[in-house]
Amino acid sequence: MSEFSSGTLTAKNIHLSFGSNHVLRGIDLHVPKGTTASVIGPSGSGKSTLLRVMNRLIEPDQGDIFLDDRSVLKDNPDELRRRIGMVFQQFNLFPHKTVVQNVSLALSKIRKMPKDQAHAKALEQLDLVGLKHKADARPGNLSGGQQQRVAIARALAMEPEVMFFDEATSALDPELVKGVLALMTDLSKGGMTMVVVTHEMGFSRNVSDTVTFMDGGVVVETGPPDQLFTEPKTDRLKGFLSDVL
Amino acid sequence: MDVLEQLAKTFLDWEAMAEVIPAMLTVGLPNTLILAVSSAFFGCVLGMILAVMGISRNPIPRWIARIYTDIFRGLPAILTILLIGLGLGPVVRILTGSTNPYPLGILALSLMAAAYIGEIFRSGIQSVESGQLEASRALGFSYSAAMVLIVIPQGIRRVLPALVNQLISLIKDSSLIYMLGLLASQREIFRIGNDQAATTGNLSPLVAAGLLYLCLTVPLTHLVNFMDKRMREGKTQKVEPDEAAAIIGKGH
Ligand SMILES: Nc1ncnc2c1ncn2[C@@H]1O[C@H](COP(=O)(O)OP(=O)(O)OP(=O)(O)O)[C@@H](O)[C@H]1O
Ligand SMILES: [Mg+2]
């Protein structure tokens, strides 16, 4: 994959509550340009919420978010989201549009590209994920793995500076996981800045540059994968690893 | 035998039917269709506004939509038609000089239809998975663009059968505006049958009207069933195996 015009993402002291449920309790995360940070942790620890706060699908109660050292909290959140691509566990493709329309829609409506140019660019992106031949199919006729790769193409078409993956392979049948992980690995190696929430410990260990372990709304441990997986310092991470490995 | 003959003469007097059918087809049918289709159209426009208000995060439009819907769904159709048709008649006359009750009939039917259609649209929109809005917003669409481009079109698709049901109701309810005193040329199917039945003392013209209504509504009912069935089957499409896993990232 080609180089990306990726950026550095930093979250500082993020707090968020849903009512009385204090879900994020002062999270710090630093993802240098071109690196991949994986976020692991038990269910309910706030991983998905952290991603949503970092692209302002949810506004933080406290804290700051920086993209390339500039705080983005005062910008229009729609503008910020155009710079951050996001891939979801449930794919969330638009079922009433064709595969190629899924990818070209934001290009023509948001980037204001002429229709034929957006279409051509969408086909190019589909080609990169190996699905150009499905351009005119409906998402409902694709396998889960194919749908997720279309979702990745849809996000990449916007030329984001950062990509978020929220358990992108958790809804896939086991035999389809490999293809999506391979694509994510390619992106990572290609220099995309990525934050990957995952239960795939293999990916976290072998592909990411840093691993962040969250529990109860705080970062319990963070560091290079070798350090976290071979010498976990805290009992919480030890317990978690022994449960999942 | 006498009884059967009597019944046949009352309900199935072919001559009495033949006499009324031309007027029913040339005057009644177009008027019924104009009333039903135009109030369905205006009902959809107003209904969509009500639906969007009904899902607003701001409680004021939500309450306005709620109250409107409760009132117009809670009143008998005949009462709404009389109140609007007769009540607004003088106002319209002062403002425009027109004494034509026909537009007011359409207005009353539209206002009622909007209450039902608004609820249909709202439930359709709310049935769209929240991930659709989230994914659209994550791409950078504003809330309104995401609703207009992604969420609402899916919501409408899901409720098309219910909308056709609403059209069926309007075809039937359009008969109620006979209460407003229409010109001869404005009469719809029921009124023409009813007038003829009154002058001849025979119910066959009303039976003819009934048959004509059925010609309109039964095909629509079957259309609803057909759409329902297709939507259900559409959900269980065949999925191909993922043959492309090996060529990831390389194109092909
Ligand atoms: N929209 C919401 N409204 C209220 N509470 C929420 C909302 N989203 C998440 N929560 C709560 O926030 C907490 C963290 O949820 P979150 O989805 O971020 O966890 P997670 O680490 O992603 O878990 P999982 O591994 O199961 O996906 C949970 O207690 C959850 O119930
Ligand atoms: Mg989650």
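Predicted model: local features only at pLDDT ≥ 70, side-chain atom pairs only at ≥ 80, totals over all residues.
Where in chain B is the place of B:Arg73? B:Arg73 sits in helix 3 of chain B, which covers residues 59-74.

**B:Arg73 and its surroundings**

- B:Arg73 has a relative accessible area of 36%, so the residue counts as partly exposed.
- Leaving aside residues up to four places away in sequence, B:Arg73 is in touch with B:Arg66, B:Ala115, B:Tyr116 and B:Glu119.
- Between the C-alpha atoms of B:Arg73 and B:Leu111 there are 9.7 Å, while 38 residues separate the two along the chain.

**A helix pair in chain B**

- Two packed helices are described by the angle between their axes and the distance between the axes.
- For helix 2 (residues 14-54) and helix 8 (residues 143-173) of chain B, the axes come within 11 Å and cross at roughly 145°.
- The crossing of helix 2 and helix 8 of chain B is right-handed.
- On the helix 2 side of chain B, the contact involves B:Thr32, B:Ala36, B:Ser39, B:Ala40, B:Met48 and B:Val52; helix 8 of chain B meets them with B:Ile152, B:Ile156, B:Leu167, B:Leu170 and B:Ile171.
- Sorted by class, this contact between helix 2 and helix 8 of chain B holds nine nonpolar and two polar residues, with no charged ones.

**The annotated region of chain A**

- An unreviewed UniProt entry places the feature "domain: ABC transporter" at residues 9-241 of chain A.
- Across residues 9-241, chain A is 38% helix and 26% strand, and the end C-alpha atoms of this stretch are 27 Å apart.

**The six-stranded sheet of chain A**

- Six strands of chain A make an open sheet with mixed pairing, in the order 6-7-8-3-9-10.
- Strand 6 (84-87) and strand 10 (218-223) of chain A stand at the edges with a single partner strand each, so one side of each has no neighbour in the sheet.
- From one strand to the next, the twist averages 15°.
- Strand 6 and strand 7 (residues 162-166) of chain A are parallel and pair over four bridges; A:Gly85 has A:Met163 in strand 7 of chain A as its bridge partner.
- Helix 1 (residues 47-54) of chain A packs on this sheet, touching strands that include strand 3 (36-40) and strand 9 (210-215); the direction of helix 1 makes about 150° with that of strand 7 of chain A.
- Helix 6 (residues 174-189) of chain A lies across strand 3, strand 7 and strand 8, at about 145° to strand 8 of chain A.

**The four-stranded sheet of chain A**

- Four strands of chain A form an open antiparallel sheet in the order 2-1-4-5.
- Strand 2 (21-31) and strand 5 (70-71) of chain A are the edge strands, each pairing on one side only.
- Strand 1 (residues 9-18) and strand 2 of chain A run antiparallel and are joined by eight bridges; A:Leu9 is partnered by A:Val31 in strand 2 of chain A.
- Helix 1 of chain A also lies across strand 1, strand 2 and strand 4 (62-67), running at about 65° to strand 2 of chain A.

**Backbone points to check**

- Most residues other than glycine have a negative phi.
- A:Asn13, in strand 1 of chain A, has a positive phi of about 50° and is partly exposed, with a relative accessible area of 34%.
- A:Asn92 has a positive phi of about 55° and lies in the loop between strand 6 and helix 3 (99-109) of chain A.
- A:Asn92 counts as buried because its relative accessible area of 11% is under 20%.

Terms used. Residues numbered from 1 in each chain as written. Chains lettered and ligands numbered in written order. Heavy atoms only, no water. UniProt positions renumbered as here; feature names shortened; annotations may be inferred. Helix = DSSP H or I, 4+ residues; strand = E, 2+ residues; numbered from the N terminus. Axes fitted to C-alpha atoms, helices over the stretch in contact; angles between N-to-C directions. Left-handed = near helix turned anticlockwise from the far one by under 90°. Contact = heavy atoms within 4.5 Å. Nonpolar A, V, L, I, M, F, W, Y, C, P; charged D, E, K, R; others polar. Buried < 20%, exposed > 50% of the residue type's maximum accessible area, 1.4 Å probe, protein only. Pairing = 2+ DSSP bridges.
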